[in-house]
Amino acid sequence: MTPRFSTDRLVVREFKNKDLFECYELFSNSETMNLFGGSTKNTEFFHGDFGASIQEETKAEILHFWSVTLKDENIFIGFIRLMSYASYYYDVSFSSLGDQRYSTESLNYFDRKNGWEIDYALVPDMRNKGLMREAVGEILEFCANSKKYPIYAKVNSIKNTATIKLLLHFNFKAHLPMIDTTRLNLDMMDKIFQEKDYGMIYKWQP
Amino acid sequence: MVVDVKNVVHCEYYGSVSSIEKTRAITKINGVINLRMFRNPIVDTSKKLIFSENKEPIKYFQKMFIPDDLKAECDDLYSWVDDPDDIEQSTAILSDKGVRYLMGSQLVKLIGYLNEYDLIQFPDDAFFFAIDEISKFKHQIKKCDNWGIEYPSLGRKYQVKEIIHQKSEKEIWGRPGILWPGFDVRIGDCSADNPNGTGYLFATKREFMPRSFCSNESAVDYCIKNNVLVFYIDYLNKAKMRVLSPFTESININLQNPHKFRSSNI
């Protein structure tokens with residue numbers, strides 16, 4: 001079950017099919033997907049039964065998917081997901097590593113048994129208002145109480161200062177840099193770090 | 001006899017000619033309150049609470065419509081939603097006969113539980129809906145963007161997407177059609193009864209545009225006139241995102257669906 005939370009300005013509740021159009025707006029927005037990671041979606045976003053698959057995975061205890069809504073207006077403004085690493089989500093998250101993701105070294109960095117990955121997105125005009133901070137605070141409290149940790153958060157670019165500020169506020173720690181493996185040669189490393197052209201995986205536990 | 005087919009709407013279940021006045025509220029419900037299990041119940045219709053001698057007060061959503069042939073089995077039932085401030089609701093045009101069938105086919109599944117439970121809660125992955133008169137809810141009278149007629153609305157329902165290009169190809173029952181690269185929507189009219197059908201592929205613009213339509217019939221007419229697809233969350237089909245297209249009528253004729261303006265699965 002995905003619990004419901006209420007803050008001063010928000011209701012954070014399970015995803016409902018009525019959120020589909022607004023959720024699509026997020027996934028089809030190139031600026032949002034640039035920050036979030038992944039390609040922008042067109043109507044293929046609706047293929048299958050998005051709501052039903054969320055319910056199935058919630059029942060299987062490998063996913064929590066919250067819609068973030070404005071309390072006064074009941075409007076969907078974003079979402080937060082928690083995805084269990086004890087599921088295919090680990091493979092999806094680290095597919096770029098190939099078989100390396102099962103190596104002892106990788107598994108020293110990531111707790112496949114207990115770990116969860118968090119990600120979230122807000123519609124553009126609701127950003128920089130502290131709304132996601134309110135919502136994430138509730139989710140992390142839920143994680144602490146239900147012993148769902150460690151939590152990992154991937155930030156695709158360390159230029160995304162708003163997300164990093166939020167994570168650091170909740171005591172996430174920089175865990176492992178993420179560098180585009182196609183550019184991973186020594187000549188490029190200086191340039192990558194100088195231009196801050198890399199991401200970071202953060203880790204949290206209470 | 002000459003029938004004026006302009007602006008004709010149909011029951012979304014039986015496909016019989018109906019009217020805009022038969023626009024009903026369809027609400028996803030999470031359970032049913034069974035009044036039979038309450039001792040000396042008092043129903044406070046202003047606060048929507050049921051009081052009794054043997055149970056805690058319980059909040060209900062609406063008194064449920066029970067078809068005549070189930071009244072002996074069901075007594076009084078009240079729909080229950082777990083989040084009354086944030087309900088999932090839309091509209092559909094349904095004849096009285098359609099309402100009777102759709103409510104009856106859901107309620108008949110509950111009969112075995114009615115002597116045991118005061119609240120029959122549905123599992124999250126089950127989809128039950130209540131059909132109510134729209135007048136029971138705060139609604140607006142809107143003007144249809146296509147036909148220009150007034151109709152009752154519970155909020156934004158339809159969204160339009162422009163078709164950039166499209167193609168059709170033969171489809172054979174049992175062989176899933178492919179959504180070829182460059183296309184983002186595929187619908188078809190293949191079924192066991194129509195094994196040699198047609199698949200329709202569309203490449204659409206990314207943006208949705210909200211439009212107000214009084215009915216699926218008006219939306220399909222708009223699709224034909226403007227070369228667009230119309231999307232909506234179809235509560236008569238498990239609240240899935242489904243689509244209307246310029247081909248909706250012929251697709252449903254080939255599928256032998258009684259309702260010729262039924263949305264297609266995507």
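Predicted model: local features only at pLDDT ≥ 70, side-chain atom pairs only at ≥ 80, totals over all residues.
Two strands count as paired here if DSSP finds at least two bridges between them. One of the facing pairs puts B:Gln159 opposite B:Pro210 of E18(B).

E15(B) has other partners too. Strand E19 of chain B, residues 228-234, lies antiparallel to E15(B) over four bridges, and there B:Lys161 sits across from B:Leu229. With strand E17 of chain B, residues 196-204, the count is nine bridges, again in the antiparallel sense. In that pairing B:Lys167 has B:Leu201 of E17(B) as its bridge partner.

Next comes the interface. On the chain A side 23 residues make contact, and on the chain B side 28 do. Together the two chains bury about 2,200 Å², and 47% of that is on carbon and sulfur atoms. Polar contacts between chain A and chain B come to 18 residue pairs, with both residues at pLDDT 80 or more. On chain A, at least two residues of the side touching chain B come from each of strand E2 (10-14), helix H1 (20-27) and helix H3 (50-59). H1(A) gives the largest share of that side, four residues. Sorted by class, the side of chain A that touches chain B holds 10 charged, nine polar and four nonpolar residues.

As for salt bridges, the rule picks out five across the interface of chain A and chain B. One of the salt bridges links A:Lys16 to B:Asp86, with 3.9 Å between the closest N and O atoms. That pair passes because the rule takes a side-chain nitrogen of Lys or Arg within 4 Å of a carboxyl oxygen of Asp or Glu.

A:Lys16 turns up again around B:Asp83. Setting aside neighbours within four places in sequence, B:Asp83 is in contact with A:Lys16, A:Arg4 and A:Arg13. With A:Arg4 there is also a polar contact, side chain to side chain, at 2.4 Å. B:Asp83 belongs to the loop between E9 and strand E10 (89-93) of chain B. Is B:Asp83 buried or exposed? Its relative accessible area is 7%, so B:Asp83 is buried.

A few backbone spots are worth a look as well. Most residues other than glycine have a negative phi, and most peptide bonds are trans. Against that background, the bond joining A:Tyr149 and A:Pro150 is cis, with omega about 10°. A:Pro150 lies in the loop between helix H6 (131-145) and strand E6 (151-155) of chain A.

A:Asn171, not a glycine, has phi at about 65°; its place is the loop between helix H7 (161-169) and strand E7 (173-178) of chain A. In chain B, phi of B:Asp75 is positive, near 50°, and this residue is not a glycine either. B:Asp75 is found in the loop between helix H1 (71-74) and strand E9 (77-80) of chain B. With a relative accessibility of 34%, B:Asp75 counts as partly exposed.

Key:
Residues numbered from 1 in each chain as written. Chains lettered and ligands numbered in written order. Heavy atoms only, no water. Contact = heavy atoms within 4.5 Å. Buried area = accessible area lost by both parts, 1.4 Å probe. Polar contact = N/O pair within 3.5 Å; in protein donor to acceptor, adjacent residues only side chain to side chain. Nonpolar A, V, L, I, M, F, W, Y, C, P; charged D, E, K, R; others polar. Buried < 20%, exposed > 50% of the residue type's maximum accessible area, 1.4 Å probe, protein only.
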